[in-house]
Amino acid sequence: MQFFLNITLGGIATGMIVAAVALGLVLIFRATNIVNFAQGAMAMMTTYIAYAVLHQGSGYWLAFVAALATGLLFGALTQVVLIRPLQGKSPLNAIIVTFGFLIFLEGVAGAIWGSQTRTYPAPFSEAGQKIGNTQIAFSPFDVFVVLAVLALMILMLVLFRGTDLGLRMRAVAFAPETARLLGVRVRPLLTLGWALSAAAGVLAALLVVPTSSLTPNFMDVILIYGFTAAVVGGLDSPVGALVGGLATGLSLAYVGGYLGGSLEPMAALALVIVSLMIRPEGLFARPAPRRV
Amino acid sequence: MPVLEIEDLSVSYGAVHALTDVSFSAAEGEVTAVLGANGAGKTTLLRAITGLVRPRKGTVRYDGEQLEKMSVEKIVRHGVAHVPEGRSVIEEMTVDENLRLGSLFRFSRRQRGPVIEEIYALFPPLAERRRQHANTLSGGERQMLAIGRALVSRPKVLLLDEPSLGLAPIVTARLMAVLRDLTQASNLIVVLVEQNARSSLSIAQKAVVINLGRVVVCEDAAKVAGDSELRHHYLGY
Amino acid sequence: MGELQKRAQGLAAKPWFRMPRQPMLRHLTYAAVAVVFLYFLTQKLSAFNDYEVGQIAFYAVALAGLTLLTGINGQISLGHGGFMAVGGFTLALLVEHTTWNVVPELAIAIATSALVGAVIGIPATRLRGPYLAGMTLMVALGLPYLTNQYNSFFGGDQGLTTPQPTGPASINPEQWLAWIQLACALIVLILLGNLLRSRFGRSFRAVRDDEIAASLAGIHVARTKVIAFMVSAGCAGLAGALLALSAGGVNSAEFPLSISIYLLAGMVIGGTGSLMGVWWGAILIVYLPTSWAPALASHFHVNSQVSANLAVIIFGLVLVVGMLVAPGGIQGALRWVAARVGAYFSPDGVPNMKLSLQEAPTDRAVHDGESVTQVGEPGVQVHPTND
C-alpha cells in the first residue's frame with residue numbers, strides 16, 4: 001500500500017512535468033498544426049545556459065529566471081527564422097525541419113559541452129518526508145514541481161481567457177484568416193505563441209533536470225512523454241494537456257514501478273495507440289469538426 | 001464624399017484569370033449589389049478589396065488611399081469590414097467573445113461594452129445567447145453574429161459575401177431590411193455579393209453584374225431589376 | 001529553328017535504343033545494366049570496399065521504403081531506424097534459434113517489421129496530422145529500452161551474433177555478402193518501381209495529394225496509408241537484417257536514434273519521392289559519418305568533442321536547410337537542370353519544374369487560407385440558363 005502510494009505521488013510529480021511539455025506542444029499545434037519536435041532540445045540548450053549561469057556563481061533563482069527568459073527569446077527566434085518561411089508549405093516540411101533542428105541542437109550541445117552527465121541542483125530538498133510514522137516519497141521539491149506547473153497553467157488560463165491578447169491569440173489559433181479580417185496582426189502573435197511554448201518546455205526541463213541529469217539528450221524521453229500526454233488529452237486542448245499529462249505520468253509510474261523502468265517508453269507508445277483507438281480526438285478535443 | 005473606387009482590377013490564380021479589368025465605384029449610403037453566376041469571380045473581388053488575394057493589376061481606392069498594397073490588417077483598420085462566405089464565426093468562442101474580438105482594434109476597454117450592446121440591440125436573438133459558444137447558434141444567428149462582429153468596429157465600408165446562403169427566405173428578408181436601414185442610417189458603403197439577385201436588388205441602389213470575371217453591366221439597381229432580358233441572361237430569373 | 005534543335009528533334013524521333021514501354025521490362029533492363037556494372041565493381045574492390053558497397057545497398061533499401069512513404073504517400077516516419085532494429089533483431093533471433101537459410105530469415109524479418117508497422121500505422125491513420133511522426137519517434141527511442149528490459153532474450157549488452165552467410169568456396173565471404181545486399185537492393189527497387197506504376201502507386205499519390213478527393217474517387221484512404229507504411233517498414237526491416245549481417249551481430253547500440261536521422265537526411269538529400277535519389281542518400285549515410293566528417297574535422301583541427309558530433313550537426317543542418325532551401329534534393333536539382341537543358345533544345349519548351357518536397361507538385365498548398373475551390377472557380381463556370 002505504501003509502495004502504491006509512493007508510486008502514485010511520484011507519478012503525479014512526473015505527470016505535472018509532462019503536462020508542461022504537452023502544454024508547450026499544444027500551444028504551437030493549435031495555432032499552426034505543427035508539432036515542435038525540437039521543443040525538448042531547445043529546452044535542453046537553455047538548461048545548459050542556465051547551468052553556465054549557475055556556475056558563474058549566481059544563485060538558483062537567477063539561473064531559473066535567465067533560463068525562462070532565454071527560452072522565450074529562443075522560441076521567438078526559432079519561429080521567425082525556421083518556421084515562418086514554411087508557411088503555406090506541406091506540413092511534412094515543418095515536421096522535418098523541427099526534427100532536424102532537434103538533431104542539430106543535440107549535436108551542437110555535444111560539441112560544446114560534451115556528452116558527460118552533469119548534475120543540476122534542486123532548489124529544495126529532494127528527500128521524501130515523514131508524515132506520522134510513514135515515510136512518503138513526496139519531497140519539498142516535488143511540491144515545488146506541482147506548484148510551478150500549476151502556476152504556469154493558471155497564468156496561461158488567465159492569459160487566454162482573461163485578456164485581449166489571449167482573445168487575439170485564440171482567434172489566430174482557431175481561425176487565422178478570420179482573425180486577420182478583424183484587424184488582428186497574426187504574425188507577431190504566432191511568434192509570441194512559440195515563445196510561450198518554448199518557455200513551458202524550459203520550465204519542464206528545469207523541473208526534470210535535478211532528478212535526471214544534464215546531457216545533450218536528457219529531454220528526448222520527456223518530449224515523447226509530452227507527446228503522449230498531448231495525444232491522450234487532445235493535441236489542441238490546453239486542459240487536455242494537464243489531464244493527459246497526469247494520466248501519462250501515473251500510467252508510466254505504475255508500469256515503471258510494477259513491471260520495470262525500461263518499459264516506460266514503450267508503455268507510452270502503447271498508451272498513444274490505445275488512446276487513438278478508443279478516443280482518437282483526445283479526451284478534450286475541441287467541438288468543431290475538421291474543416292474540409 | 002468618399003467612395004470605394006475599383007479600377008481595372010485583375011486577379012489571376014496561376015494561369016486562371018479570375019477577374020479581368022473590373023472597374024466600378026460604390027457610394028456612401030448605398031448598397032451596391034454584385035451579381036453573377038457561381039464562379040463569376042464575385043468572392044475573388046471581395047478578397048482582392050481586403051487584400052486576401054493580391055491583384056495582378058489595377059487599384060482599389062478608398063478615402064484617398066490605395067488599398068491594394070496594404071496588408072489585410074491595415075485595410076481592416078482603415079474601416080473596411082469583410083464578412084466572408086459561410087458565416088465565419090469562430091465556433092470555439094462565445095458570442096460575446098466573437099463580438100469583443102471585432103471591437104478590439106477600434107475601441108478601448110471601457111468603450112467596448114456599450115458598442116457591443118448596440119449590436120445586441122440590432123440583433124436581439126444574439127443577446128439571449130451571449131454566453132453560448134458560437135457552434136450552438138442556428139444558421140441565421142451565425143450570420144447575424146458574423147455581420148454584427150463586422151459592424152462592431154464601426155466600419156465605413158462593409159463587404160458581404162453571400163449572407164443569404166442557406167437561410168430561410170423570411171430570415172433573408174429580415175436581414176436585408178436591417179442592412180438597408182443600417183446603410184442609410186450610418187452612411188455605410190455596402191458591397192453585397194449575392195447569387196440571390198432578387199432579394200439583393202430589392203435593397204440595392206446600384207448593381208454590378210459580373211460574368212466570367214468581367215463586368216458586363218454596371219447600372220442602377222432598379223434598371224437592372226426592370227430589364228427582363230438582362231435578368232434572364234445573367235441572373236437566371 | 002536552329003541546327004541544334006533540329007538535331008535534337010531528329011534524335012528524339014529516332015532513338016538508338018528505345019526503352020521497353022512495359023514498366024517491369026524497363027525496370028529489369030535497368031537492373032540488368034546495374035548488375036553487370038556492380039559485378040565488375042565488386043570484382044575490383046577490396047574486402048573493406050565490399051563492406052561499404054553492401055552498406056550503401058542496404059541503406060538504399062531503407063531509403064527506398066522511406067521515400068515511398070514520405071515522397072509518394074505523404075506520411076512521415078522519424079523512426080525508421082526502429083524498424084531496422086526490428087528487422088535486425090528478428091534475423092538475429094532466427095539465426096540463434098534456427099538453422100535456416102538466409103533467404104527465409106530475411107523474409108521473416110521483412111514480415112515482422114511490416115507487422116510492427118501495421119500496429120503503429122493503423123492507429124496513426126485515424127487522424128490527420130503528426131501522429132505517425134511522433135509514434136515512429138517513440139519506436140526508435142523506446143526500442144533500445146525494450147531490449148535492455150529483456151536482455152536475456154535479446155542478448156544484453158553483447159547482443160546477438162549473426163555470422164556472415166557462407167557462399168561458394170571460390171568467392172570470399174565479404175564479396176558474397178555484398179552481392180546478397182546488392183541483389184536485395186535491386187530487387188526492392190524493381191518491385192517498388194513497379195508498385196509505384198500500379199494501381200497502388202496511383203492510390204498512394206492520390207492520398208498524398210488530397211485525401212478527401214481520393215476517398216471520393218473510391219480509394220480507401222486509411223487502408224492505403226497503412227499499406228504504404230507496412231511496405232515502408234518492411235523495407236526498413238530488410239535493411240536492418242542486412243545491416244545485422246554486415247555488422248556480424250546486433251545489440252541495442254547498433255540502432256541508435258541517429259540511424260533514423262541519417263535516413264531522413266539521406267532521403268532529403270537524395271530528393272524526396274525519387275527512387276533513383278536513394279543512391280545519393282545512401283552514399284551520404286555511409287561516407288559522411290565515417291570518412292567525410294572526420295576528414296573535415298581533422299582539416300580544421302577541431303577538438304574531439306566537436307568531431308564526434310560533426311556528422312550529427314551536418315545531418316541536422318541538411319534536414320533544416322535542405323527543407324527550407326532545396327526541398328527537391330540532389331535528384332530534384334538534377335531534374336531541374338535536365339528540364340532547363342531540355343527546354344533549351346526543345347522548340348517551344350519552357351522549363352516547368354518546381355522544386356518541391358513531393359515528387360509531383362500540385363497547387364494544393366495555397367496559402368493564406370484560400371481554398372482549392374476558389375483557385376478552380378472559373379473552371380466550374382455554370383452558364384446561365386433561360387427559364
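Analyst: Arg154(B) is partly exposed, because 14 other C-beta atoms lie within 10 Å (buried means 20 or more, exposed 12 or fewer, partly exposed in between, with C-beta atoms placed from the backbone). Please keep in mind that this is a predicted model, where local features need pLDDT of at least 70 and side-chain atom pairs count only at 80 or more, while totals for chains, interfaces and linings use all residues. Residues are numbered from 1 along each chain as its sequence is written, with chains lettered from A and ligands numbered from 1 in the order in which they are written.

Arg154(B) sits in the loop that runs between helix H6 (139-151) and strand E7 of chain B; helices (H or I, at least four residues) and strands (E, at least two) are DSSP runs numbered from the N terminus.

Strand E7(B), residues 157-161, pairs in the parallel sense with E6(B) through four bridges (pairing takes at least two DSSP bridges). Within that pair, Val83(B) has Leu160(B) in E7(B) as its bridge partner. Both strands belong to an open, six-stranded sheet of chain B with mixed pairing, in the order E6-E7-E8-E3-E9-E10. E6 (80-83) and E10 (214-220) of chain B are the edge strands; each has a single partner strand, so one side of each lacks a neighbour in the sheet. From one strand to the next, the twist averages 15° (axes are lines fitted to C-alpha atoms, for helices over the stretch in contact, and angles between N-to-C directions run from 0 to 180 degrees). Helix H7(B), residues 169-185, packs on this sheet and touches strands E3 (30-35) and E8 (189-194) of chain B; contact here means C-beta atoms, placed from the backbone, within 7 Å. The direction of H7(B) makes about 130° with that of E3(B).

The antiparallel strands E1 (4-13) and E2 (16-26) of chain B are joined by seven bridges, and Tyr13(B) has Val16(B) as its bridge partner in E2(B).

His301(C) is not a glycine either, yet its phi is positive at about 55°. This residue lies in the loop between H13 and helix H14 (304-325) of chain C. His301(C) counts as exposed because 8 other C-beta atoms are within 10 Å.

His301(C) follows helix H13(C), and that helix is worth a look too. H13(C), residues 278-299, bends by about 65° at Leu288(C) (the angle between axes fitted to the seven residues ending there and the seven starting there). A proline, Pro289(C), follows the bend residue within four residues. Leu288(C) is itself buried, and other buried residues of H13(C) include Trp279(C), Trp280(C), Ile285(C) and Ala293(C).

Finally, chain C has an interface with chain A: 46 residues from chain A and 47 from chain C take part in the contact. On the chain A side, helices H4 (91-113), H7 (176-181), H9 (220-233) and H11 (264-278) each supply at least two residues. H4(A) gives the most to that side, with 15 residues.

Note on methods
Contact = placed C-beta atoms within 7 Å.
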